[in-house]
Amino acid sequence: MPPHRPTQEDLLIERSLAGDPAALQGLLVRNLPTLETYIRLRSPDLVGPRESVTDLAQSTCREILENLDRFQHGGEGHFRAWLYETADRKLKNRRRHNHAQRRDVKRVRPMDSAHDAARHLAGFRGVHTPSAHAEAREELDELVDCLDEIGEEPRRLILLARIAKIPHRVIAERQKMSEATVRQALHRALAALAERIASRRRPEPPS
């Protein structure tokens, strides 16, 4: 087997751990678009007029900047896992705060531009592909609803694997599961999502 060649992200991680702030900034900039998509699809009930996807993503990045010393180096997969775990914790805290303030924002949807909606959908090619930017916002809402219907853990697993692109091995390590279990759970989650999408598109039977 040929030796592992470090990726650009691996090199940025090494420089960041060595104390290079520009490298860490560059690392976060590289991950920001997918982080925004993850947040948009992970917790649409928290994204609305009070706080935008960008606000939540930038808040996550600030926390990473302030706590780099907590990162145990394990390559880009583990860095991404840490980044998205930080986002999950921030979203959980935001939800708890909204509950404490008796805020009900569940049905508030952000008005994505057609371009942003298509970008968020791009990670689901092979599962769900926008036919055109003009239809992307409607398709994004459909995807958000279908992800909500399959349940919290299947949704999170799909987003970690398909949007964050965290390797199955790393997901398994951090969740203390076998890689085979992760693969099987992801297969079931994707099948459930595909079925939800297909059921919404089936023509109504004639009355």
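**Local features of selected residues**

At 28% relative accessibility, Pro154 is classed as partly exposed, a term for values between the cut-offs for buried (under 20% relative accessible area) and exposed (over 50%), computed with a 1.4 Å probe on protein chains only. The model is predicted, with local features requiring pLDDT of at least 70 and side-chain atom pairs counted only at pLDDT 80 or more, whereas totals for chains, interfaces and linings use all residues. Residues are numbered from 1 along each chain as its sequence is written, and side-chain values use heavy atoms, with hydrogens and water left out.

Pro154 belongs to helix α7; helices are DSSP runs (H or I, at least four residues) numbered from the N terminus. The C-alpha atom of Pro154 is separated by 7.1 Å from that of Leu186, a residue 32 positions away along the chain.

Thr86 is located in helix α4, which spans residues 76-100. With a relative accessible area of 2%, Thr86 is buried. Its side chain reaches the backbone oxygen of Trp82 at 2.8 Å. Neighbours within four places in sequence being set aside, Thr86 is in contact (heavy atoms within 4.5 Å) with Thr60, Glu63 and Ile64.

Most residues other than glycine have a negative phi. Lys165, although not a glycine, has a positive phi of about 55 degrees, and is placed in the loop between α7 (152-163) and α8 (168-175). Lys176 likewise shows a positive phi, near 55 degrees. Lys176 occupies the loop between α8 and α9 (179-201) and, at 77% relative accessibility, is exposed.

How values were computed: Helices (H or I, at least four residues) and strands (E, at least two) are DSSP runs, numbered from the N terminus. A polar contact is a pair of N or O atoms within 3.5 Å; within protein, one must be able to donate a hydrogen and the other to accept it, and residues adjacent in sequence count only if both atoms are side-chain atoms.
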